[in-house]
Amino acid sequence: MSKAAEGGKLKKNLFTLFLLVVSGAMVYSLPYFRSYYYDTFLIEFGLNDVQMGALGSAYGSFAVIAYFLGGFCADRWPARKLLTLSLVLTGVLGLVLLLRPGYWGLFAIHAIWGITSILTFWNALIKALRSIASSEEQGRVFGLFEGGRGVTNMVQSALILALFGIVSKKINAGAGLNTVIIVYSVINIALGVLIFLFYKEEEFKRDKKALINVPELKRVVKMPETWLNTLIIFCSYAMCCSYFYITPYATEVFGATAIIGAAAGYFSQFVRPVGCFISGFAADKIGASKVCAISFCVMIVSMIGIICTPGKMSLIWIVIISLAGVYASMYACQSMHFAIMEEAEYPVELTGTATAILTPLGYSAEAIAPLVAGYCLQTWAGEKGYKVFFVILTVVAVVGLIANLIWLARTKEKRQMLHAKK
């Protein structure tokens, strides 16, 4: 393929990118919508708070295992078929909710969603995204993906909430919840069909004998870049899992109203697309790992700004500005998690095997960060507890920056080669 043709690869696949972006957001609508309609869900399905929490645990437990095995599935079977299967099954399971299955039925559905939205979906999605863009467009495709997911979530959540409100008012809350379930289910099934029809996948040589290709796994494990990438993901994702603690910090320490606190939380979703889009295009100019390094620097400075600002309402504006820096940098870094793979020696056909290591270990921050936060807030009451936790997050970001700088040193030759193609 000529450089010109290769360079315009993403442009030719914009509709596919749109489908992958929307699918990457909507496949998680069903596993998580119970959180947004918590009280109604409890009443309609006759659950208590403990059972509700168990549904989340069922989904999360299967998801951890699925992140690992899903990588090998992505290298073993075509992404087009895996994505279609995931979306259709996720939607069909959603429709089963209309039958009001008992607690154990709900438990089983959430456990299976951990498989359909992760094992057969996430790693295949990453592979699909890498395949629809040239080596010079990897930053752009992942920046557009993460930013697009943010926009999709903003739009769909507002529309679905409005629809829920209208139906609940005209009929009842149960009908409103059914409407939400039907819409989310139908959208997932439709997206699965569209991907099957329109995603034209490149053919790679696949091992038809075993799910786990041991030689390929050994090759990936022995690469120092694998562990540097894992550390970069963990350190930036820890912030993505913890930023919402800044909202109660603002209300408790600075005396901000609940409205201001909530607005500060929602503000993250408006900053997300901006941070992702800018980082994506910047990455194709200066390199994905350089964007990551800059993001970590902004993240560290912003966190220091939050930690060092005295708890006076008159100074809340400093916290808001620092928050904008945290939001933009953490989402910019998140959008580069897999874009930087192009700077190492990861061929597209090994994407699944690599992400089988990167995703479960990198995203384990989601399980660790809340435990650390809870310990800090329980051990040190009030302002001190928050600040201790924020200091820990800042240190973690520094570790991420150091890993990023080592990555830059190790991938210098490959990055120069990529830059020469532009």
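A cavity is a set of points, on a 1 Å grid over the protein atoms alone, where a 1.4 Å probe fits but cannot get out, and its lining residues have an atom within 4 Å of a point. The structure treated here is a predicted model, in which local features need pLDDT of at least 70, side-chain atom pairs count only at pLDDT 80 or more, and totals for chains, interfaces and linings use all residues. Residues are numbered from 1 along each chain as its sequence is written, and side-chain values use heavy atoms, with hydrogens and water left out.

**Exercise 1. The cavity**

Task: Find which residues line the largest cavity, and which helix gives the most to the lining.

Solution. 
1. The structure holds one cavity of 30 Å³ or more. About 30 Å³ of space lies in the largest cavity, where a volume is the space filled by probe spheres set on the grid points, which are joined across faces, edges and corners.
2. Its lining consists of Ile 126, Phe 142, Phe 145, Glu 146, Gln 334, Ser 335, His 337 and Phe 338.
3. Helices are DSSP runs (H or I, at least four residues) numbered from the N terminus. Both α10 and α17 supply at least two residues of this lining, and α10 gives the most, with three residues.
4. By class, the lining has four nonpolar residues, three polar and one charged. Here Ala, Val, Leu, Ile, Met, Phe, Trp, Tyr, Cys and Pro count as nonpolar, Asp, Glu, Lys and Arg as charged, and the others, Gly among them, as polar.

**Exercise 2. Glu 146**

Task: Determine whether Glu 146 is buried or exposed, and what it is in contact with.

Solution. 
1. Glu 146 belongs to helix α10, residues 138-170.
2. Its relative accessible area is 5%. Buried means under 20%, exposed over 50%, and partly exposed in between (1.4 Å probe, protein chains only); Glu 146 is therefore buried.
3. Contact means heavy atoms within 4.5 Å. Leaving aside neighbours within four places in sequence, Glu 146 is in contact with Arg 272, Cys 276, Gln 334 and Ser 335.

**Exercise 3. Helix α17**

Solution. 

**Exercise 4. The largest pocket**

Task: State the volume of the largest pocket and which residues are closest to its centre.

Solution. 
1. A pocket is an open set of grid points with protein on both sides within 12 Å along at least five of seven lines. The largest pocket has a volume of about 2,200 Å³.
2. It is lined by 45 residues, of which Tyr 32, Tyr 36, Tyr 243, Arg 272 and Glu 366 are the closest to its centre.
3. The lining divides into 29 nonpolar, 13 polar and three charged residues.

**Exercise 5. Arg 100**

Task: Describe where Arg 100 lies and what its phi is.

Solution. 
1. Arg 100 lies in the loop between α7 (79-96) and α8.
2. Its phi is near 55°, a positive value in a residue other than glycine. Most residues other than glycine have a negative phi.
3. With a relative accessible area of 25%, Arg 100 is partly exposed.
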